[in-house]
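The sequence and structure should be kept in view while reading.

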Amino acid sequence: MKKTILCAFFGALALVSCKKESTQDTLADYDKINAISHQVQVERFDKDYFESNFNDIDNLKKQYPFFFPQGIELSELMIKKNDSIWAEVYQEVKKTFPDNAKLKDVEFLFKSIKFHFPQQNVPSRLVTLVGDMEKEYSAIYTDSLAIVTLETYLGENHKYYTDFPKYLRNEYNENQIVQDMAQKFAETVVAPTHDRTLIANMVQHGKIMYLKKALLPQVPENEVMCYTADQITWCNENESEMWSFLIENKLLYESDAKLDARFVNRAPFSKFYLEIDAESPGRIGVWLGWQIVRSYMQHNDVDLQTMLKTEPKEIFEKSKYKPKK
């Protein structure tokens with residue numbers, strides 16, 4: 001299947017709406033979440049597609065109509081199946097995902113969403129496929145269906161990713177499946193803002209990190225950030241110095257897009273233009289934004305749902321955030 005087919009499908013999917021919740025997730029909630037009755041049916045479209053024959057097409061179209069849009073010739077839909085390169089990719093996917101065991105954490109995530117957002121529908125169907133090696137479409141979430149493109153989770157040292165920048169490769173590990181799915185959900189319930197300042201962008205991303213950690217209390221902080229354990233340690237040890245730099249250089253209320261590139265966007269390191277740059281991880285502004293949201297939640301009697309709707313500026317001003325020296 002060509003990229004245009006997937007794009008048409010992804011564009012047609014409706015995003016879930018924001019619902020009220022009243023309980024903040026902690027590790028103490030883990031057993032409660034796990035006990036929720038919600039089963040997810042995993043459907044391996046990757047296997048059904050690559051191991052099908054021409055006579056199976058009608059059955060595939062009935063089971064996965066969203067992958068077979070009207071007006072597309074059958075020959076075009078079968079291009080990927082008959083391509084030797086993509087056939088090899090599928091074999092690599094089978095090696096890493098011979099069964100569905102590595103997808104179980106997604107079921108826990110959906111239970112957690114149901115726990116925190118009881119009025120919201122959550123998917124009971126998870127479909128896997130071989131896409132087009134595009135990380136943007138590696139995980140798709142709607143309130144009725146979730147999709148994972150498995151060729152983007154074969155492991156950071158896989159031969160397919162050797163030409164990718166080193167700082168991005170850890171996003172291609174199998175443990176990132178549930179992280180990416182949580183990210184997609186979080187983006188649907190975090191209220192948007194028109195504030196384009198650096199601090200607003202930091203806090204907006206911090207909201208998403210806070211929600212991801214709430215939904216997945218068992219996941220280590222470094223995995224939530226897609227950092228190594230050493231990078232989290234570095235952040236904790238240098239938090240005060242990083243914050244002082246932003247304050248002293250009066251950067252928080254600037255809206256220059258270059259600041260996002262320096263401190264928020266994915267990068268091999270953050271750009272203070274100091275000696276610490278070589279040691280710092282990228283996206284340090286996201287991590288600092290997370291700490292601000294944490295401080296806000298500790299110092300204000302608000303629930304998770306209220307925080308998600310609150311303007312970043314208000315969160316920052318009421319956070320009483322002060323890094324330890």
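1. Lys-320 is placed in the segment after α16. The model under review is a predicted one. In this model Lys-320 has a positive phi of about 55 degrees, although it is not a glycine. Most residues other than glycine have a negative phi. Is Lys-320 buried or exposed? With a relative accessibility of 61%, Lys-320 counts as exposed, because the cut-off for that class is over 50%.

2. Arg-283 also deserves a check of its backbone. This residue is not a glycine, yet its phi is positive, at about 65 degrees. Arg-283 is located in the loop between α13 and α14. Its relative accessibility is 11%, so Arg-283 counts as buried, the limit for that class being under 20%.

3. Lys-318 forms a salt bridge with Glu-314, and their closest N and O atoms are 3.0 Å apart. Both residues belong to helix α16, where they are 4 residues apart, about one turn of the helix. Lys-318 counts as partly exposed at 41% relative accessibility, and Glu-314 counts as partly exposed at 32%.

4. How many salt bridges does the structure hold? There are 14 salt bridges. Side chains of opposite charge can pair when their charged atoms come close. One of the salt bridges joins the side chains of Asp-180 and Lys-135, at 3.1 Å from N to O. This pair links distant parts of the chain, 45 residues apart: Asp-180 belongs to helix α9 (residues 176-189), whereas Lys-135 is in the loop between β2 (125-129) and β3 (139-141). Asp-180 counts as buried, at 16% relative accessibility, and Lys-135 is buried as well, with a relative accessible area of 18%.

5. Arg-294 and Glu-221 form another salt bridge, with their closest N and O atoms 3.5 Å apart. Here too the pair links distant parts of the chain: Arg-294 is in helix α14 (residues 284-299) and Glu-221 in helix α11 (residues 221-225), 73 residues apart. Arg-294 counts as partly exposed, with 22% relative accessibility. A network of salt bridges links Lys-47, Glu-51 and Lys-94.

6. Lys-81 is found in the loop between α5 (74-77) and α6 (84-96). Although buried, Lys-81 has no salt bridge. Which side chain of opposite charge is nearest to Lys-81? That side chain is Asp-56, which is 7.3 Å away, and a salt bridge requires nitrogen and oxygen within 4 Å. The side chain of Lys-81 instead reaches the backbone oxygen of Ser-52, at 2.6 Å. Leaving aside neighbours within four places in sequence, Lys-81 is in contact with Tyr-49, Phe-50 and Ser-52.

7. The aromatic rings form a separate topic. A search of the whole structure finds 22 aromatic pairs. Among them, Tyr-64 and Phe-66 form an edge-to-face pair, with 6.3 Å from centre to centre and 75 degrees between the planes. Tyr-64 and Phe-66 are both buried. Phe-245 and Phe-272 form an edge-to-face pair with 5.1 Å from centre to centre and 80 degrees between the planes. Phe-245 lies in helix α12 (residues 229-248) and Phe-272 in the loop between α13 (257-263) and α14, so this pair ties together parts that are 27 residues apart in sequence. Phe-245 counts as buried at 14% relative accessibility, and Phe-272 is buried with a relative accessible area of 3%.

8. Which residues form one aromatic cluster? The members are Phe-45, Tyr-49, Phe-50, Tyr-64, Phe-66, Phe-67, Phe-68 and Tyr-90. Tyr-49 and Phe-50 from this cluster are also in contact with Lys-81.

Methods: Residues numbered from 1 in each chain as written. Predicted model: local features only at pLDDT ≥ 70, side-chain atom pairs only at ≥ 80, totals over all residues. Heavy atoms only, no water. Helix = DSSP H or I, 4+ residues; strand = E, 2+ residues; numbered from the N terminus. Buried < 20%, exposed > 50% of the residue type's maximum accessible area, 1.4 Å probe, protein only. Phe/Tyr/Trp six-rings, centres within 6.5 Å; stacked < 30°, edge-to-face > 60°. Lys, Arg positive; Asp, Glu negative; His and termini not counted. Polar contact = N/O pair within 3.5 Å; in protein donor to acceptor, adjacent residues only side chain to side chain. Contact = heavy atoms within 4.5 Å.
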